[in-house]
Amino acid sequence: MAHSYQEVLRCGAQLAMNEELPLCPEAEEALQRLMSGNALFLEKRHNPAELTDRIRLQTAHEGQHPRTALLCCADSRVPPEHIFSAGIGELFVIRNAGNVVSPAALGSLEYAAAHLHVPLILIMGHRGCGAVTAALQKHQEPGALGALIAQVHLGIGHAHDPRQAERNNLCHSLEALGESEVLRDLADRGRLAFAGAIYDIRTGAVELLIHED
Ligand SMILES: [Zn+2]
C-alpha cells in the first residue's frame with residue numbers, strides 16, 4: 001500500500017473541515033477493518049461475516065455499536081456489507097443515488113456520530129454512477145429526481161470526465177459534512193474522523209481518497 005491510513009484521514013479532514021484535526025486512533029482502526037474486509041471480499045467473492053442468530057439476538061438485546069458510518073450510492077451494484085465483509089451491527093449505512101449529503105443523510109450521520117459514537121464517517125462514491133452520468137449529461141427530470149440530479153450537478157462542478165466528476169461529487173459530499181456543528185465539534189475533540197473512497201463496480205476494489213498535491 002502506497003499510503004497510510006493517517007494520510008487518508010488527513011485528506012478527509014481537510015476536505016470536510018479544511019483544517020488539521022486531532023488524531024483519532026479508533027478511526028484508523030475502523031478504516032483498517034474496512035479495508036481488510038474489502039481484501040477478503042476480493043479474495044473470497046462472498047461475505048464470510050457473522051449473520052447468525054447469535055449476533056442478531058445479541059445486537060437486539062444489547063443495542064448497536066457500529067464501527068463506521070457509511071454514506072454511499074443506492075446503486076444495487078454497491079452493497080456495502082458485502083464489499084467490506086461486514087455482518088449485522090457493524091456498519092451504519094445511509095444510501096441515496098449519488099451519495100448526496102441531504103438533510104436526512106446529514107441527520108443520520110450526526111446520530112451515528114453523536115449517539116452511537118462511531119469514530120469514522122466514510123463517504124463512498126463509485127465508478128459508473130448513474131446519478132453522476134445524469135448530472136454530467138444535464139438530464140432534465142421532473143419531481144424530486146430532478147432536484148437530486150441538480151444536487152449532484154453542483155457536486156461535479158466543471159468536470160467533463162466521468163471519473164473526475166465522480167471524484168468531485170465525492171469531495172463535495174465530504175465538504176458538506178463541515179456544515180454540521182455536531183460533526184465539527186466531535187472532530188475538533190479527536191472523536192471523529194472522515195474518509196472518502198471510490199468503489200470499482202467491475203473489480204470490487206475500494207480505492208481510498210488521498211491527497212493529490
Ligand atoms: Zn451511483
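The dialogue below goes from the whole chain to its sheet and then to its helices.

Reply: This is a predicted model, in which local features need pLDDT of at least 70 and side-chain atom pairs count only at pLDDT 80 or more, while totals for chains, interfaces and linings use all residues. Residues are numbered from 1 along each chain as its sequence is written.

Me: How many helices and strands does the chain have?

Reply: Helices (H or I, at least four residues) and strands (E, at least two) are DSSP runs, numbered from the N terminus. Here the chain has nine helices and five strands, in the sequence pattern α-α-α-β-α-β-α-β-α-α-α-α-β-β.

Me: Why is the chain called as compact as a globular protein of its length?

Reply: The radius of gyration is taken over C-alpha atoms, and the globule rule is 2.2 Å times the number of residues to the power 0.38. The chain has a radius of gyration of 17 Å, close to the 17 Å from the rule for 213 residues, so it is as compact as a globular protein of that length. Its C-alpha atoms fill a box of roughly 50 × 40 × 35 Å along the principal axes.

Me: In what order do the strands of the sheet lie?

Reply: Two strands pair if DSSP finds at least two bridges between them. In this model, five strands form an open sheet with mixed pairing, in the order 2-1-3-4-5. Strand 2 (91-95) and strand 5 (206-208) are at the edges with a single partner strand each, so one side of each has no neighbour in the sheet. The twist from one strand to the next averages 25 degrees; angles run from 0 to 180 degrees between N-to-C directions, and axes are lines fitted to C-alpha atoms, for helices over the stretch in contact.

Me: Which strands are joined to strand 3?

Reply: Strand 3 (residues 120-126) runs parallel to strand 4 (residues 193-199), with seven bridges between them. Met124 has Ala197 as its bridge partner in strand 4, and His126 stands opposite Tyr199. Strand 1 also runs parallel to strand 3, through four bridges, and Leu70 stands opposite Leu122.

Me: Is strand 3 enclosed or in the open?

Reply: A residue is buried if 20 or more other C-beta atoms lie within 10 Å of its own, exposed if 12 or fewer, and partly exposed in between, with C-beta atoms placed from the backbone. Seven of the seven residues of strand 3 are buried, so this strand is largely enclosed by the rest of the structure. Leu120, Leu122, Met124 and His126 point one way, and Ile121, Ile123 and Gly125 the other. By contrast, helix 3 (residues 53-62) has zero buried among its ten residues, so it lies largely in the open.

Me: At what angle do helix 7 and helix 8 pack?

Reply: Helix 7 (residues 143-156) and helix 8 (residues 162-177) pack at about 100 degrees, their axes 7 Å apart. That makes the two helices roughly perpendicular, a term for angles of 65 to 115 degrees, whereas under 35 degrees counts as roughly parallel, over 145 as roughly antiparallel and the rest as oblique. Residues are in contact if their C-beta atoms, placed from the backbone, lie within 7 Å. Helix 7 contributes Val152, Leu154, Gly155 and Ile156, and helix 8 contributes Ala165, Asn168, Asn169, His172 and Ser173.

Technical notes: Contact = placed C-beta atoms within 7 Å.
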